[in-house]
Amino acid sequence: VLHATRQLHTTQQSLAPLPPLPEKGGEVRHGLIPEEFFQFLYPKTGVTGPYMLGTGLVLYLLSKEIYVVNHETVAAACILSVIIYGIKRFGPDVAAFADKLNEEKMAKAVAVKNEAIENLQTAIEEEKKEQWRVEGRSYLFDAKRNNVAMLLEANYRERLMMVYNEVKKRLDYQVAMQTLKRQKEQDHMIQWVEKSVVQSITPQQQKESIAKCILDLKALSKGAHATV
Amino acid sequence: MAGRRVALKAVDWAAFAERVPPNQRAMYNALKTRSDALTARLAALPEKPPAIDWAFYKANVAKAGMVDEFQKKFSALKVPEPVDTQSAKIDAQEKEAAKSTAEYVQASKARIAQYEQQLQKLKSMIPFEQMTFEDLHEAFPETKLDKEKYPYWPHKPIADL
């Protein structure tokens, strides 16, 4: 990918906020030669152009002994091959490990930020709820006033009832006293009459009444015999 | 007796209960039980005491004039109404409460504005991947290392590492 995302300052305007840097660097072939070089030569020499150029250059350097092959060449070849082998084999793993470390750091930061956002939102919710609660204070005062009114009314009614009860008690007492006195008088009278009657029955009258009773009984029994 | 009947406002206990915060629940329960007890007491008393049957008493009580006297005094008697001492206090309390709630609501609104501001700042932050350290110190001032107080690396007390 060519650096189409890197924007050059072609105008006076400053690009702010700066666009982020691209994730990956420019493409290279064989780890060394940028892709732009191949694209640059493509129109004139096609696909094989740069390779021919490379081969030609190397042969020229070797044949003309501009580059001399000596012991350092061998050492360079060995070292470079080991290095290249190492990178090719362990490169991706190390890259992944480093990326993971970075990811963790980012994740922690993002988590902190999200938590902060959530906390703020809950705090706002709580405040709104408290405001709503506060609006209900009219209920409290209504209830209090109701209580006071109820107390007064109950008190007043109790007083009325008390007055009524007292008056009634007194009147009832009078009536009860009278009836009691009446009753006592009646009882006494009856008793006195009975006593005087019993006293006035003399023995003579007793004998006469008993004889009369016997005569009556005989008459009755005669009548009973007749019916039976 | 009919002139002083102040209509009792129906208190919606359910809605009231909703608005009570949990730390004041005990007070609310106490108030409710008081209210219920008073309502029961009021409902148990009849509005007017039953009328006294003067004709019956006049016919039956032998003492002359006693019933007449009682009747005269009874109809002339005015039961004093209980004096309302608390309503003024309740009104004063209500005004007090209105004032303090207005203050509290205002403070609460200020707090909400603060929170909203911070929320806005956090939401409009650039993602961490695109930040430099300078941007981070701008967004979260507490991450800035105090180079004056701790001039030597790591610029913060070792215990904080």
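This is a guided tour of a predicted model, chain by chain and then across the contact between chains.

Local features are given only where pLDDT is at least 70, side-chain atom pairs count only at pLDDT 80 or more, and totals for chains, interfaces and linings use all residues. Residues are numbered from 1 along each chain as its sequence is written, chains are lettered from A in the order in which they are written, and side-chain values use heavy atoms, with hydrogens and water left out.

**Stop 1: chain A as a whole**

Begin by selecting chain A, which holds 5 helices and 2 strands. Helices (H or I, at least four residues) and strands (E, at least two) are DSSP runs, numbered from the N terminus. Following the sequence, the order of elements in chain A is β-β-α-α-α-α-α. Of its 228 residues, 17% are buried; here buried means under 20% relative accessible area, exposed means over 50%, and partly exposed lies in between (1.4 Å probe, protein chains only).

**Stop 2: two loops with positive phi**

Select A:His30, in the loop between strand S1 (28-29) and strand S2 (33-34) of chain A. A:His30 is not a glycine, yet its phi is positive, at about 60°. With a relative accessibility of 59%, A:His30 is exposed.

Next, select A:Glu65, in the loop between H2 and helix H3 (71-134) of chain A. Its phi is also positive, near 55°, in a residue other than glycine. A:Glu65 has a relative accessible area of 51% and is exposed. As background, most residues other than glycine have a negative phi.

**Stop 3: helices H1 and H2 of chain A**

Select residues 35-45 (helix H1) and residues 49-63 (helix H2) of chain A; their axes come within 8 Å and cross at roughly 100°. The axes are lines fitted to C-alpha atoms, for helices over the stretch in contact, and angles run from 0 to 180 degrees between N-to-C directions. H1(A) and H2(A) are therefore roughly perpendicular to each other. Angles of 65 to 115 degrees count as roughly perpendicular, under 35 as roughly parallel, over 145 as roughly antiparallel, and the rest as oblique.

Show the side chains next: H1(A) contributes A:Phe37, A:Phe38, A:Leu41 and A:Thr45 to the contact, and H2(A) contributes A:Gly49, A:Pro50, A:Tyr51 and A:Leu53. Contact means heavy atoms within 4.5 Å. By class, this contact of H1(A) with H2(A) has 6 nonpolar, 2 polar and no charged residues. Ala, Val, Leu, Ile, Met, Phe, Trp, Tyr, Cys and Pro count as nonpolar, Asp, Glu, Lys and Arg as charged, and the others, Gly among them, as polar.

**Stop 4: cysteines**

Select A:Cys78, which is partly exposed at 43% relative accessibility, and then A:Cys213, which is partly exposed at 45%. Over all chains, the structure holds 0 disulfides, a disulfide being a pair of cysteine sulfur atoms within 2.5 Å.

**Stop 5: chain B as a whole**

Now select chain B, whose secondary structure comes to 6 helices and 0 strands. Buried residues make up 24% of its 161 residues. Its accessible surface is about 12,200 Å², and 58% of that belongs to carbon and sulfur atoms.

Within chain B, select B:Trp153 and B:Pro154: the peptide bond from the one to the other is cis, with omega near 5°. B:Pro154 lies in the segment after helix H6 (133-139) of chain B.

**Stop 6: where the chains meet**

Select helix H4 (residues 137-200) of chain A together with H5(B); the two pack at about 175° with their axes 10 Å apart. H4(A) and H5(B) are therefore roughly antiparallel to each other. Residues making this contact include A:Arg137, A:Phe141 and A:Lys144 of H4(A), and B:Ser87, B:Ile90 and B:Thr101 of H5(B). The contact of H4(A) with H5(B) divides into 5 nonpolar, 3 polar and 5 charged residues.

Select B:Thr101, which lies in helix H5 (residues 87-123) of chain B and is buried at 13% relative accessibility. Apart from its neighbours within four places in sequence, B:Thr101 is in contact with A:Val134 and A:Arg137.

End at A:Ala143, in helix H4 of chain A. A:Ala143 is buried, with a relative accessible area of 0%. Leaving aside neighbours within four places in sequence, A:Ala143 is in contact with B:Val11, B:Trp13, B:Leu31 and B:Ser35.

Conventions
Areas by Shrake-Rupley, 256 points an atom, 1.4 Å probe, with all protein chains shown as cover.
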